[in-house]
Amino acid sequence: MSYLIVFLVFGSFLTAVAGMLASWVDRKVTARVQYRVGPPLLQPFIDLVKLSGKELLIPQTAARTTFLLAPVMGLSSVILVSTLLWMNDLNFGQTFLGDLIAVIYLLMIPSISIMMGGFASGNPLASLGASREMKLVLSYELPFVLAVMVAVIKSGYAIRISDILMFQARHGAIIGSLSGFLAFLVVIFCVQAKLGLVPFDMPEAETEIVSGPLIEYSGPALGIYKLMKNMLLFVLPFFVMVLFLGGWPFNGVSGFWGLLKYIGLVALITVIRNTNARLRIDQAMRFFWGTLTGLAVIAILLAFMGK
Amino acid sequence: MQALLKSPWIFHMSTGSCNNCDIEFLDCLTPRFDVERFGMLLAGSIKHADILLVTGAATRQCIPKIKRVYEQMPKPCFVVAIGECSLSRGLYIQSYNCPMPVDKIIPVDVYIPGCPPKPEAIIAGIMKLIDKAEEQMKQNG
């Protein structure tokens, strides 16, 4: 029963609102960095309403069912992840053992849904974008899982998210240790790639393959993808906060402190996005499998030694 | 529909222009003019767009393509013709290669004259389009 309430109130509704506000922050900060004025506060909501009222076009060459189901699948997995995270953050010890593993799996599904949609739309540029997305997933998953392992090792081999939170409530946030800090650095880059933002936005490169897998999507289907991306912009920093920064406790001042942590993370992601140019896919792969995996392995070794 | 006027995404199509109007239009996206204030974004794909900006004199090669692009745009949508060429073929009015102006091919909602029009003129034209659509909505209830 409590799952249902958290699912409806926090997992779907609040996460969607927060994600859209976060995407407004992202666009506004980008605009300010470029000395522009930027969009009004409600712009992401207006975009979504507009897209839901537009015509939905399905290309003749597309696989209809897959084409229409892919965005729904991605959105539902994001909602599930946010439900699990809120469940852990609001009341400790209420979830099942191993929910961290479930969250890692579910966080991969949005990328897979973009791939499926791209391949199903029957457009060569979409296929190109989807294949790039696939390579990107292959490259960032390894350092991402390794860095998450650091949090698991530090908190005494806990694979329940609430145990990790409990550990951090007692012993301070994991980012405070050297290995935690290294893992946090790795995770930030992986989050950037999972969100598909600028140094790693080659699947959707607007200027070369005209938004890649999303090229054939229009109207409500595109709106669902936009909503999914906006919700990911809330869910992924929240996940990083839960693992490394001690979560978002909702009591008095520390709730406000959690809000500051969250806005800081979003601002960091936006600044990385605005100060970098797009990499080629092979460069990104080398970066993830070389530098970041190396860093993550060092962090794991340090965590084993208790640093 | 009300939401569409507050977040019009723009697709830009050149039908054989000299690139001058295109450059002037791209100026609108720069910090000095910043059309993101009005929620406008440059869409990469026609399937995401709400407003089709047409520049150029619609050459014979381009005419079927203009029709195809217009048909691929999800409705409701608007078309804006930019520059003297797309309004009346301008300099090329006698040319064998430009049989008809753009508004004989697809329905055009707003015409922005100039060779090329200033970015201010382009923004003003799109604002007029939005005002016109709002009035139409009021009349229709």
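Which pattern does chain A follow, read along the sequence? Chain A follows α-α-α-α-α-α-α-α-α-α-α. Its secondary structure comes to 11 helices and zero strands (DSSP runs, helices being H or I of at least four residues and strands E of at least two, numbered from the N terminus).

This is a predicted model, in which local features need pLDDT of at least 70 and side-chain atom pairs count only at pLDDT 80 or more, while totals for chains, interfaces and linings use all residues. Residues are numbered from 1 along each chain as its sequence is written, and chains are lettered from A and ligands numbered from 1 in the order in which they are written.

Now take one helix pair. The axes of H3(A), residues 64-90, and H9(A) come within 9 Å and cross at roughly 25°. Axes are lines fitted to C-alpha atoms over the stretch in contact, with angles from 0 to 180 degrees between N-to-C directions. The two helices are therefore roughly parallel (angles under 35 degrees).

H2(A) gives the most, with five. In total, 25 residues of chain A are in contact with 16 residues of chain B (C-beta atoms, placed from the backbone, within 7 Å).

Definitions and conventions:
Contact = placed C-beta atoms within 7 Å. Parallel < 35°, antiparallel > 145°, perpendicular 65-115°, else oblique.
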